[in-house]
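Hi,

Here is the structure I promised to pass on. Please have a look, and then read on for what turned up in it.

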Amino acid sequence: MNRKLTDIELSMVCDVIASRMGLHFPVEKWTMLRRNLVLTAREFGFHDMTGFIQWLLSNTLNKDQIEIFASHLTVSETYFWREPQVFTALTEFILPELIRSKKKGERSIRIWSAGCSTGEEPYSIAIAIHKTIQKIKDWNITILATDINPKALDKAVTGTYGAWSFRNSPAWLKSTWFHNNKNRQYEIIPEIKQMVTFSCLSLVEMSAISNTNAMDIIFCRNVLMYFTPEWVKRISQNLFHFLSEDGWFVVSSCELSSHVFPQFTPVNFPGAILYRKTKNESAHSFSSEVSMEKELQPTQPLSSKAFIDHRNEVKVVAKEDLQSIQPTMFVVEKLNSLKVKIEKFNPSTLQQTQSTSEESYTDKVFAIRLLANLSHLEEALSLCNEAIVSYKLSSGLYFLRASILQELDKSSEAIASLKQAIYIDPDYIMGHFALGNLFIRLGNAKNAKRHFNNVLDLLSRCDKDDILPESEGLSVKYIRDIILTILRTQESI
């Protein structure tokens, strides 16, 4: 298994993966692909790569074999209530309008979460519906959640998550809709769990997908960016077909493109843009703040190629500017090379692997986040401290360490780490914001107000729709609104 695949072999493998699974692996992802193919070969029972490659190139993969490949080649980073502006649009505009339109007819709502990964998105949708519909028992709610990765679905079905899945989610979500189990694990309440049906399905094989007709809303966020341009076009057309007339299509903010989704009509909401299937380009607006546009004009228009090869969540910068790097979606996707089976996970082995090899900054960040996500917080903290030794000027690492320390109930150490991040970068908005929140929890209104005012001052220099670095999708307007609400409700501040 120690033979390194040649570029020619990898090129042929990429062609096979693209033709049979629709997944796109450009050259810059080949290092990751090499390592993941080794893991795949072992699971198929091969002891040498030559035999595995010969078998792969000469055989047609069946459904079970494709699922094995998918478990090694696809990785998603997700968490609850991701891109909160989307859920605001859902609960305040889309669902109420949908409810009104169906009051006189069949009381049913059908939603599909395509590429649902470990389930945080469909459960978030179920919570949003439960919050919006008062007499929910009078309604027939269908939430279909699909993914090609069976191991991710196995976790989703349990409905149990670690603290890392709630990063950047509102505090009420975890306290209201989850039971706090042992070992920092949170289990979603039965009322929400039973609303979601999970199924292992590939978007490439739409003909095999059942129960997807006449969907009212389809979520497909951070999924299509992994497919070839040809498959993106085909899948988006199929999803358009599966929507009911006036149905809604939701992609992530980084995937918005009038070139990729020309058949949909973009609709502006406060802090978010969603797509609608409608023949009427002048469809009604939902409030004075919401307007229709005939064509989406994103701040940075994305071509189809830019969409597929999207990496703008991670900036390649000089070492002295490492604090600007954002360890988000592409980081996780790139670092699947460090993936281990959860049931056989050994934190000490991963830590040793990390400390003895020459990994990049993003490799280290992913390993830290993986450990934290699996609730190995002490190991994550140790590895984060090691990374800081190598990248002393990365404010992002100090911020990440503070997040872990907060989960360990080490507030004073978390404050110290955030102060180090701000010392490196005095204009580090998320550092000031996290400190303000920490001081609020500790009852220190004076210091909280000082840091919140620093954030408001820094935000005044930004456009309200800008997405803040390392905020994982939070906009300037959203952060500002949160702070103003906190300041209004804290009489002592």
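Cys462 is partly exposed, with a relative accessibility of 28%, whereas Cys384 is buried at 0% (buried is under 20% relative accessible area, exposed over 50%, partly exposed in between, with a 1.4 Å probe and protein chains only). There are zero disulfides in the structure, a disulfide being a pair of cysteine sulfur atoms within 2.5 Å.

A word on the source: this is a predicted model, in which local features need pLDDT of at least 70 and side-chain atom pairs count only at pLDDT 80 or more, while totals for chains, interfaces and linings use all residues. Residues are numbered from 1 along each chain as its sequence is written, and side-chain values use heavy atoms, leaving out hydrogens and water.

The largest nonpolar core has 55 residues, and those touching the most other members include Leu33, Leu37 and Trp112. Such a core is a set of buried Ala, Val, Leu, Ile, Met, Phe, Trp, Tyr and Cys residues joined through side-chain atoms within 4.5 Å. Among the elements that each supply at least two residues of this core are α2 and α10 (229-242); helices are DSSP runs of H or I, at least four residues, numbered from the N terminus.

In α10, the buried residues are Trp231, Val232, Ile235, Ser236, Leu239 and Phe242. They fall within an arc of 130 degrees seen down the helix axis, so they line one face of α10; the arc is taken from the directions from the axis to the C-beta atoms. Exposed Glu230, Lys233 and His241 sit on the face of α10 turned away from its buried side.

Best wishes
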